[in-house]
Amino acid sequence: MPMSTRSQASVNPFADPGAPTLDDVVTRIADGDGLSAKEKTARTTAIRTVGRAIGLPLSAIPAHPAFLRKKLASVVPARVGLKVSSWRNAKSLLSKALR
């Protein structure tokens, strides 16, 4: 399924405009048929948690594993109001969502 393009207001001038974003991943999950409603909710919630932790809108975060690894390495869960276990779970669900 093709990913949507980002609006000009949310474009990072240094990112590939054709590259999928976390916002695109959320849309793909919502439109997909392979997951239960509970799994869809868990994965989209995890993606939104990651966006909040990074401090950017989902439409400005490339869905690129190397980029995300680097950004997520600097996140301190307590600073964004998360327990370590919740943060680990969010990262795990993000990884599943990117597959």
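## Close-up views of a four-helix chain

**Figure 1. The buried residues of helix 2 pack against helix 1, helix 3 (65–73) and helix 4 (84–98).** The model is predicted: local features need pLDDT of at least 70, side-chain atom pairs count only at pLDDT 80 or more, and totals for chains, interfaces and linings use all residues. Residues are numbered from 1 along each chain as its sequence is written, and side-chain values use heavy atoms, with hydrogens and water left out. Buried residues of helix 2 are Lys40, Arg43, Thr44, Ala46, Ile47, Thr49, Val50, Gly51, Ala53 and Ile54. Buried means under 20% relative accessible area, exposed over 50% and partly exposed in between (1.4 Å probe, protein chains only). Helix 2 spans 26 Å from its first C-alpha to its last over 18 residues, close to the 26 Å expected at 1.5 Å a residue; the expected span is 1.5 Å times one less than the number of residues. Gly55, with a positive phi near 90°, follows helix 2.

**Figure 2. The chain has four helices and zero strands.** Along the sequence the pattern reads α-α-α-α. Helices (H or I, at least four residues) and strands (E, at least two) are DSSP runs, numbered from the N terminus. Of the 99 residues in the chain, 35% are buried. Of the contacts between residues at least 6 apart in sequence, 55% join residues at least 24 apart, where contact means heavy atoms within 4.5 Å.

**Figure 3. Helix 1 (residues 22–31) packs on helix 2 (residues 37–54) at an angle of about 170°, with the axes 10 Å apart.** The two helices are therefore roughly antiparallel. On helix 1 the contact is made by Leu22, Val25, Val26, Ile29 and Ala30, and on helix 2 by Lys40, Arg43, Thr44, Ile47, Arg48 and Val50. These contact residues divide into seven nonpolar, one polar and three charged. Ala, Val, Leu, Ile, Met, Phe, Trp, Tyr, Cys and Pro count as nonpolar, Asp, Glu, Lys and Arg as charged, and the others, Gly among them, as polar. Axes are lines fitted to C-alpha atoms, for helices over the stretch in contact, and angles run from 0 to 180 degrees between N-to-C directions. Angles under 35 degrees count as roughly parallel, over 145 as roughly antiparallel, 65 to 115 as roughly perpendicular and the rest as oblique.

**Figure 4. Helix 1 and helix 4 cross at roughly 75°, their axes coming within 10 Å.** Helix 1 is therefore roughly perpendicular to helix 4. Leu22, Val25, Arg28 and Ile29 of helix 1 meet Leu94, Ala97 and Leu98 of helix 4 in this contact. The contact residues comprise six nonpolar, no polar and one charged.

**Figure 5. Thr49 sits in helix 2.** The relative accessible area of Thr49 is 11%, so Thr49 is buried. With neighbours within four places in sequence left aside, Thr49 is in contact with Leu82, Trp87 and Ala90.

**Figure 6. Pro17 and Pro20 lie in the segment before helix 1.** Pro17 counts as exposed because its relative accessibility is 56%, whereas Pro20, at 29%, counts as partly exposed. From C-alpha to C-alpha, Pro17 is 9.6 Å from Pro62, 45 residues apart in sequence. Pro20 and Pro62 are 6.1 Å apart by the C-alpha atoms and 42 residues apart in sequence.
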